[in-house]
Amino acid sequence: MAAFALSALVLSGCSSSATGTAGGTGPADPNAELKVATSHVPASLDPCAGNIGYDIDYLQLMYAPLIDAEPATQKLRPGIASEWGFSGPDNLTFEMTLQNGLTFHDGTTLDAAAVKASMEHCLSLGIVSVPTIKSVEATSPDQIKISLSAPTSGLPGWLNGRLGMIVSPTALTAAGTDFANKPVGAGPYTFTSAVPNSSYTFSRFDDYKPAGPPNPQLAKIQIQVISNPTALTNALTSNAADFAYGLTPSSAPILERNPNLNVSHDPRLGVALVVINNKNPVVNDVRVRLAMQYALDRKAIARAALDSAEGTAAFGQYPPGSQFYDEETEDAWPYDPEKAKSLLAEAGYPNGVTVRGLAGNLPPYSTNAVLVGEQWEKVGIKVDFVEMSGPQAITEFVAHNSADVFSVG
């Protein structure tokens, strides 16, 4: 989306997800197989070919990151790279020292040449875009140099994500465009098999050396995709699953009444927002965009979209509770429908205006589209949101400019 001039209306921030585990506590059986159930379907097992957040839970099993992060604080720590830093005039050079002795699942050595090949593959697909990267060089077997065209302070964060999830160059060459179906990384688990959108199986990588994720504790992890919330809850209560995640908060009371289940509420940052293409007519008027802001009752949306009191109304990318939260953003655009109407009239739309909308077809993005649309219509902003799958909607919005606003996250 870097090609667009974008602004966003942030609707809801930090939420909690309920998870359950069947059975008691104690050390893990190293020969055990863990049966996992979730509603989250990955778009791709190639880290740089997917474009939805649900991919990450699967990718972190198979791939080690160049730079890791502490789960609780997001503070960066060594992964494949043991050291890194900016240097040179204006910090336009970024260098990394890699761990020695790491290998991919297929036995290929994980060295600087492999990192260079993986990063170039990632950037060539165009989904991960860091326009300031001019070149990636392997200056020695354990040294990487990235040359930048402009200061890029966020680069270490990119290398903690998809760009830094290093794929085997041997497997990439052998599989070509079919790599997503034959993925090979250097993480704690190897890919065994998959029935797309249904089940995914991963086996322990016995030669894994810590490079971000912890050592694998179990022989196998089997993930079953269950999209229906009731069926997902039933998988736990019937012992068809040992562990489930991505449950709706409203299912927690049912699970908590079951003495055979342990339920935890783990706060995770998930931001649902409406992205605006500022270059398009109507929404390229700042008064219209401000009217959109003042027309929203974010607190009501956050509660309704998550069917829970756990949603947080946010006015920036980080909600209260995050270490990056900025108190000055609190209630930046208070709910004020009359002010919204006044701004629309000032912009030349006293009788209202119509804009084009897209929405991901999964909650909370689809739910947000309905809630936002209802609130906007009350002040005279008519939006007919068209729902599509996440990857398709992103392509339509970015490549084909099929909408002025996009409900996504």
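Good morning. In strand β17, the residue that forms the bridge partner of Gly 360 is Met 388.

Some conventions are needed here. This is a predicted model, in which local features need pLDDT of at least 70 and side-chain atom pairs count only at pLDDT 80 or more, while totals for chains, interfaces and linings use all residues. Residues are numbered from 1 along each chain as its sequence is written, and side-chain values use heavy atoms, with hydrogens and water left out. Helices (H or I, at least four residues) and strands (E, at least two) are DSSP runs, numbered from the N terminus. Two strands pair if DSSP finds at least two bridges between them.

Next, confidence. The protein averages a pLDDT, the predictor's confidence in each residue from 0 to 100, of 88, and 92% of the residues score at least 70. Over residues 1–5, however, the pLDDT is below 50, and this stretch has 12 contacts in the model beyond near neighbours in sequence. A contact means heavy atoms within 4.5 Å. Residues 11–18 also stay under 50 in pLDDT, and for them the model has 51 contacts beyond four places in sequence.

I turn to a sheet. In what order do the four strands of the open sheet stand? The order is β6-β7-β9-β8, and the pairing is antiparallel. Strands β6 (81–87) and β8 (133–140) stand at the edges, each with a single partner strand, so one side of each is left without a neighbour in the sheet. From one strand to the next, the twist averages 15°. Here axes are lines fitted to C-alpha atoms, for helices over the stretch in contact, and angles run from 0 to 180 degrees between N-to-C directions.

Within this sheet, six bridges join β8 to strand β9, residues 143–148, in an antiparallel run. One of the pairs is Ala 138 with its bridge partner in β9, Ile 144. Helix α2 packs on the sheet, touching β7, β8 and β9, and its direction makes about 165° with that of β8.

The loop between β6 and β7 holds Asn 91. This residue has a positive phi of about 55° although it is not a glycine. Asn 91 is partly exposed, with a relative accessible area of 40%. On this scale, buried means under 20% relative accessible area, exposed over 50%, and partly exposed in between, with a 1.4 Å probe and protein chains only. Asn 239, in the loop between α5 (229–237) and β13 (243–247), likewise has a positive phi, of about 65°, although it is not a glycine.

Gln 99 counts as partly exposed, at 24% relative accessibility. Leaving aside residues up to four places away in sequence, Gln 99 touches Gly 79, Ile 80, Ser 82, Pro 210 and Ala 211. Its side chain reaches the backbone oxygen of Pro 210 at 3.3 Å. Gln 99 and Gly 161 are 62 residues apart in sequence and 18 Å apart in space, C-alpha to C-alpha.

Is Ser 168 buried or exposed? Ser 168 is buried, with a relative accessible area of 0%. Its place is in the loop between α3 (155–158) and α4 (169–175). The side chain of Ser 168 makes a polar contact with the side chain of Asp 106, at 2.7 Å. A polar contact is a pair of N or O atoms within 3.5 Å; within protein, one must be able to donate a hydrogen and the other to accept it, and residues adjacent in sequence count only if both atoms are side-chain atoms. Beyond four places in sequence, residues that Ser 168 touches include Phe 104, Thr 108, Phe 179 and Val 184.

Finally, Thr 38 lies in strand β3, residues 33–38, and is buried at 0% relative accessible area. By contrast, Pro 259, in the loop between α6 (252–256) and β14 (261–268), is exposed, with a relative accessible area of 75%. Thank you.
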